[in-house]
Amino acid sequence: MPNYHLTQSEADALIALEKRRVDDKRWLYPGMGGGVSIPLVSTDGREQFMLDLRRGRINLAKGSYQNRGRRVVPLVRLCFGGAPHRNPDDAEIGTPHVHLFREGYADKWAFPAQVDHFTNFADHWQTYQDFLKYCNIVEPPNVKRGLAA
């Protein structure tokens, strides 16, 4: 497992930072089996982030949205429509679930996705909007909603 040299308080601070798009480039929401990685930056310009959007190839309900800090450290990942996840303590977490950075474990721990944060997993576009809020992305990238969303 990669060692990202982040303390829990540093990771929590990165998650809490307000993030914005780096430019006005237009991105297409990924279709079946597709993905896109979009650069973000903190509102003060000091930290760089990535927003990853991935869609399942065969199972149209499957996908994941991820926010990486310092461009490489997985901070938050939402997985939906796929298999359950097994945590390091051997507990099985159903889908949808959220992976949050945990010091010493990176993104190996998952928690059930809370309905007060994610309102409608059947609507991938709404789930994307909810994920932006969850990750404190206050000026989202220009992502065009395609037929797959």
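**Salt bridges and cysteines**

Colleague: Is D52 buried or exposed?

Modeller: The relative accessibility of D52 is 4%. Buried means under 20% relative accessible area, exposed means over 50%, and partly exposed lies in between (1.4 Å probe, protein chains only). So D52 counts as buried.

Colleague: What kind of model is this, and how are its residues numbered?

Modeller: This is a predicted model, where local features need pLDDT of at least 70, side-chain atom pairs count only at pLDDT 80 or more, and totals for chains, interfaces and linings use all residues. Side-chain values use heavy atoms, with hydrogens and water left out, and residues are numbered along each chain as its sequence is written, from 1.

Colleague: How many salt bridges are there?

Modeller: A salt bridge needs a side-chain nitrogen of Lys or Arg within 4 Å of a carboxyl oxygen of Asp or Glu. By this rule the count is eight.

Colleague: Which residue forms a salt bridge with R68?

Modeller: R68 is itself buried, at 18% relative accessible area. Its closest N and O atoms in the bridge are 2.6 Å apart. The partner is D52.

Colleague: How many residues apart in sequence are the parts that R68 and D52 tie together?

Modeller: Helices (H or I, at least four residues) and strands (E, at least two) are DSSP runs, numbered from the N terminus. R68 lies in strand 5 (residues 63-69), and D52 in strand 4 (residues 48-55). So the pair ties together parts whose separation in sequence, in residues, is 16.

Colleague: Which residue pairs with D123 in a salt bridge?

Modeller: The closest N and O atoms are 4.0 Å apart in this pair. D123 sits in the loop between strand 10 (110-112) and helix 2 (124-134), while its partner is in the segment after strand 12 (142-144), so the pair ties together parts 22 residues apart in sequence. D123 is partly exposed at 24%. The partner is R145.

Colleague: How far from the sulfur of C79 is the nearest cysteine sulfur?

Modeller: C79 is in no disulfide. C79 is buried at 16% relative accessibility, and C135 is buried at 0%. The nearest cysteine sulfur to C79 is that of C135, at 12 Å.

Key
A disulfide is a pair of cysteine sulfur atoms within 2.5 Å.
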